[in-house]
Amino acid sequence: MNLSRRESLVWKVNRFYLRYGSEVENLRRLVEAQLTQLCLAYALGNRLPREALEVITRVKPLTSFLDKLERLGWPDFYYPTDVIRDLIGARVVCWFIDDCYGIQEMLERSHGFHVDRDETEDFIARPKPSGYRSIHLMAQFDYDSVSGDDSCRELTPRTMVCEIQLRTRLQDAFGQLTHDFPYKASGLEVGARYQELVARIAASLDEQDRAASQIREFVRNAFYKEERDDLATESAADPGMSPRILERDADD
């Protein structure tokens, strides 16, 4: 590869992060806020504690961006998302497998995100050879961008793409254990042994995940009862103002 071309692309990436890093960070916050609100609505609608769904977001670091460009053979681009679809990434970590699919369905019906179903990858139903399990969605979201010069500024509607991963806590633990693992196989036999071990760990964790799904209804019922008890306690402690007092205040 022509070294000057590689240097030109590295310069382009650095320039993008310097000029637009703050804007991308704000878009990450927008994704996090919308996704958190959606998960809160889902939790309330399914009688689950809000802690049952955790939202994590990130902007791909510059070094990871360059590493991915290298793996792709240093393709040219106009905007980073032309070659890097997960510049903004989000993850929803759920207590139970059922809720991974519940959130997926809610995202597909969401007005804030536009999920491309053709790009959805369900690694829970069809795990990777390593045993990795997660649902990967590519979703677009809309935002306003300021364009124009000093004499005329206007809002321009724009669209950004982000990757959203849905997984359980055990699946997330496995993903973190094996992601960019600093293991270098010294030979095919050693590499095969490593793959065999991690696949066995993944299968064991999946078995526990399936077992955990059986207590989901107990969690829902316990949370519902706790909510009702809290409301009853609050009502007894704060009976409120009588209608006569409210009427007198209104007359005054």
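Does tyrosine 20 count as buried, partly exposed or exposed, and at what relative accessibility? At 31% relative accessibility, tyrosine 20 counts as partly exposed. Buried here means under 20% relative accessible area, exposed means over 50%, and partly exposed lies in between (1.4 Å probe, protein chains only).

The model is predicted: local features need pLDDT of at least 70, side-chain atom pairs count only at pLDDT 80 or more, and totals for chains, interfaces and linings use all residues. Residues are numbered from 1 along each chain as its sequence is written, and side-chain values use heavy atoms, with hydrogens and water left out.

Rings of Phe, Tyr and Trp (its six-membered ring) pair if their centres lie within 6.5 Å; planes under 30 degrees apart count as stacked, over 60 as edge-to-face and the rest as tilted. The count by this rule is eight aromatic pairs. In one of them, the rings of phenylalanine 16 and tyrosine 20 have centres 5.6 Å apart and planes at 35°, so the pair is tilted. Both residues lie in helix α1 (residues 3–45), four residues apart, about one turn of the helix. Helices (H or I, at least four residues) and strands (E, at least two) are DSSP runs, numbered from the N terminus.

Phenylalanine 16 is buried, at 9% relative accessibility. Its ring also pairs with that of tyrosine 79: the centres are 5.6 Å apart and the planes at 85°, so this pair is edge-to-face. Tyrosine 79 lies in the loop between α2 (62–71) and β2 (88–94), so the pair ties together parts 63 residues apart in sequence. Ring pairs link Phe16, Tyr17, Tyr20, Phe65, Phe77 and Tyr79 into a cluster.
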